[in-house]
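Please keep the sequence and the structure in view while reading.

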Amino acid sequence: MVRVAHIHMSGCTGCLISLADTYEKLLDILGAVDLVYALTLADEKTEITETDDKILIERKIPEDIDIALVEGSVCLDDHHSVEDILTTRKNSKIVVALGACAASGGVTRFARGGQMSQPAHSAFVPIGDVIKVDLALPGCPPSTESIVNLIMAALNGDMDYLEPFAEIAKYGKDACGCDVIKNVIDQSLCMGCGTCAAACQVKAIDMIEGKPNIMTEFCIKCGICGAQCPRVRFPELVQKIE
Amino acid sequence: MDPFGKYIKAVSARAADKEILKKAQDGGIVSAAYIYGLESGLLDGVIIADKEDGFAAAPKVATTREEILNAAGTKYTVCSNLSVIKSAVREYGCEKVGFVGTPCQVQSIRKAIKYPVGYRHVPDKIALIMGIFCMENFPYNGMKAIVEEHCGIKMDDVVKTDIGKGKFWVYSKWGDVKTIPLKDTHPYEQISCHVCMDYTAELADISTGSVGSPDGWSTIFVRTAKGEEYLNKMVEAGAIETKDIDAVKPGLDLVQKLALSKKEKNAKEVEHRKEIGLPVPY
Ligand SMILES: Cc1cc2nc3c(=O)[nH]c(=O)nc-3n(C[C@H](O)[C@H](O)[C@H](O)COP(=O)(O)OP(=O)(O)OC[C@H]3O[C@@H](n4cnc5c(N)ncnc54)[C@H](O)[C@@H]3O)c2cc1C
Ligand code: SF4
Ligand code: SF4
Ligand code: SF4
């Protein structure tokens, strides 16, 4: 069975809740995989090592993970966090940046430290800044259906379907509402469909006279608008209808 | 080059309801399908391009016959129909949404269904996708320049616009009918339309347009099993009357000619953009 892990970095668990929101499909998925690690859902694997001068308690990310679903960004000021993401990469065949924080930083892009009880924790980056990421799924959170589609495609080795997510893993770390300005409107490609506006989860996009207007102060840099726009990426398999 | 995309059958048709025919652009197929859908329970909400002041278009979720009739007719300006699709499902609580859009918007909704990254619980609520043929579109001020400056009719007075027989037609509420040659409208076109490779809404369940059928009638492509079932039910219920497309003039030959001319012209633009290193949808 395919060994799947959910790795929780600096995230809010909303991505995992979005996965759980599939109800009966979640059971299908759980039936098809071996969930080897998920602190929220499964007993953590705790290893206690006792040496002469100290007792070490570790929650170990298992080895031989096939698909690691990583939620949250990496706090560079927290060495546990950095170690966790490095271990995740080392132990996993496919690393998926699940959701905006992991894929593009999301709301954690705005973190700047100064808060108790760790005022020194100020630097947060998408996981792709620290490790190589295979697939990135934008969204805050990504929709339930998109998580299921992605996992099912990964289980079935459907690389055609996954290709856009592989590209976002490569190029999507700076996601922002500006993406539709820079990559669509400014390239004379925007035909005003309004997909980006409906997709934006914080309503940071208004359609004004048929073109998106980005209210940057609302944008949480989730990357959905750019990912959803058909004038950037229109995968061939979308053309197959029955 | 494939002019039409996949389809199961093509027919010429018009709405049976006289009130729909009076308000509709062509055969009233979109309005008839919507009204039939709401009345039969096949749909519980539909997306329309509503008419606003100054003949502007605004996307809206409609749940009544009146709203649908009020939005009938073509607005030759971009109307971001996708932008309200989530509010149909969330604020209106619709479970069976009917959608209409230009070919590009039909592509958009198909992508949103296949890759619903920001579309939680939306894909399974889309019950019918209707597409309207489209050669090109205009930004609002482009349409306004055509209507006010070239045709001398105030936007507030417009009751209908149409493109046909090589001309852009404007009808005012005072009974004036003005035209300008289509070639004079080209400067006002939305430039992003020039990379568009779809004339007949190839990804819709049912596509419809005026070209190919006589005045007051529409040409229809039925493309999916869902579309076929829906259209059959409409015919059985007497919501529309149909004719064999081969029995009407000018028929599919003209649709094919226009579809190919659009595709060939825009394929060149796509190539040109690639040559000078500009991105195109892929
Ligand atoms: C920009 C544009 C270009 C077109 N070009 C062609 C063409 O080259 N050849 C051709 O045969 N037909 C073309 N059409 C389609 C044609 O004008 C009619 O819309 C179509 O035949 C449907 O007519 P009907 O009587 O069945 O629909 P109706 O019952 O009149 O309903 C029309 C529906 O279309 C929707 N609508 C109107 N304007 C828009 C808009 N701008 N964007 C999205 N939805 C809208 C309305 O909500 C309404 O529900 C074009 C339409 C548009 C909007
Ligand atoms: S504009 Fe909206 S969809 Fe786009 S990145 Fe910002 S928050 Fe996300
Ligand atoms: S999704 Fe549609 S409206 Fe938004 S940028 Fe892309 S083409 Fe324009
Ligand atoms: S020509 Fe193409 S891009 Fe332009 S409005 Fe029509 S369908 Fe959309």
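Domain 1 of chain B and domain 2 of chain B bury about 1,100 Å² between them, and carbon and sulfur atoms account for 48% of this area. The structure is a predicted model, and the values below are computed from it.

**The two domains of chain B**

Domain 1 of chain B covers residues 9-135 + 196-276, whereas domain 2 of chain B covers residues 138-189. The contact involves 11 residues from domain 1 of chain B and 14 residues from domain 2 of chain B. Between the C-alpha centres of domain 1 of chain B and domain 2 of chain B the distance is 22 Å. Within domain 1 of chain B, the residues that lose the most area to domain 2 of chain B are B:Gly54, B:Phe55 and B:Tyr76, which together make up 58% of what that side buries. One salt bridge is found across the interface of domain 1 of chain B and domain 2 of chain B.

**The interface of chain B and chain A**

The two chains also meet. Here 46 residues of chain B are in contact with 49 residues of chain A. About 3,800 Å² is buried between chain B and chain A, with 56% of this area from carbon and sulfur atoms. B:Tyr115, B:Val117 and B:Tyr282 supply 22% of the area that chain B buries against chain A, more than any other three residues.

Across the interface of chain B and chain A there is one salt bridge. The side chains of A:Asp21 and B:Arg120 meet in a salt bridge, at 2.7 Å from N to O. A:Asp21 lies in the loop between helix 1 (14-20) and helix 2 (24-32) of chain A, and B:Arg120 in the loop between helix 5 (103-114) and strand 5 (126-132) of chain B, so this pair joins two chains. A:Asp21 counts as buried because its relative accessibility is 14%, under the cut-off of 20%. B:Arg120 counts as partly exposed, at 34% relative accessibility.

**Salt bridges in the whole structure**

Side chains of opposite charge can pair when their charged atoms come close. Over all chains, a search of the whole structure finds 21 salt bridges. The table lists some of them.

| Salt bridge | Distance, N to O |
|---|---|
| A:Asp21 and B:Arg120 | 2.7 Å |
| B:Lys274 and B:Glu271 | 3.5 Å |
| B:Asp184 and B:Lys183 | 3.7 Å |
| B:Lys165 and B:Asp215 | 3.9 Å |

B:Lys274 and B:Glu271 both belong to helix 8 (residues 252-275) of chain B, where they are three residues apart, about one turn of the helix. B:Lys274 is partly exposed at 46% relative accessibility, and B:Glu271 is partly exposed at 41%. In chain A, a network of salt bridges links A:Arg89, A:Lys132 and A:Asp134.

**The surroundings of ligand 2**

Which classes of residue form the shell around ligand 2? The shell has nine nonpolar, two polar and one charged residues. Among the residues that surround ligand 2 are A:Cys176, A:Cys200, A:Cys219, A:Cys222 and A:Cys225. A:Gly177, A:Gly223 and A:Lys221 are also included in these surroundings.

Conventions. Residues are numbered from 1 along each chain as its sequence is written. Chains are lettered from A and ligands numbered from 1 in the order in which they are written. This is a predicted model: local features need pLDDT of at least 70, side-chain atom pairs count only at pLDDT 80 or more; totals for chains, interfaces and linings use all residues. Side-chain values use heavy atoms; hydrogens and water are left out. A residue is near a molecule or strand if one of its heavy atoms lies within 4 Å of it. Ala, Val, Leu, Ile, Met, Phe, Trp, Tyr, Cys and Pro count as nonpolar, Asp, Glu, Lys and Arg as charged, and the others, Gly among them, as polar. A salt bridge is a side-chain nitrogen of Lys or Arg within 4 Å of a carboxyl oxygen of Asp or Glu. Helices (H or I, at least four residues) and strands (E, at least two) are DSSP runs, numbered from the N terminus. Buried means under 20% relative accessible area, exposed over 50%, partly exposed in between (1.4 Å probe, protein chains only). Domain bounds come from an automatic or database domain assignment. Contact means heavy atoms within 4.5 Å. Buried area is the accessible area (1.4 Å probe) that two parts lose on being put together, summed over both.
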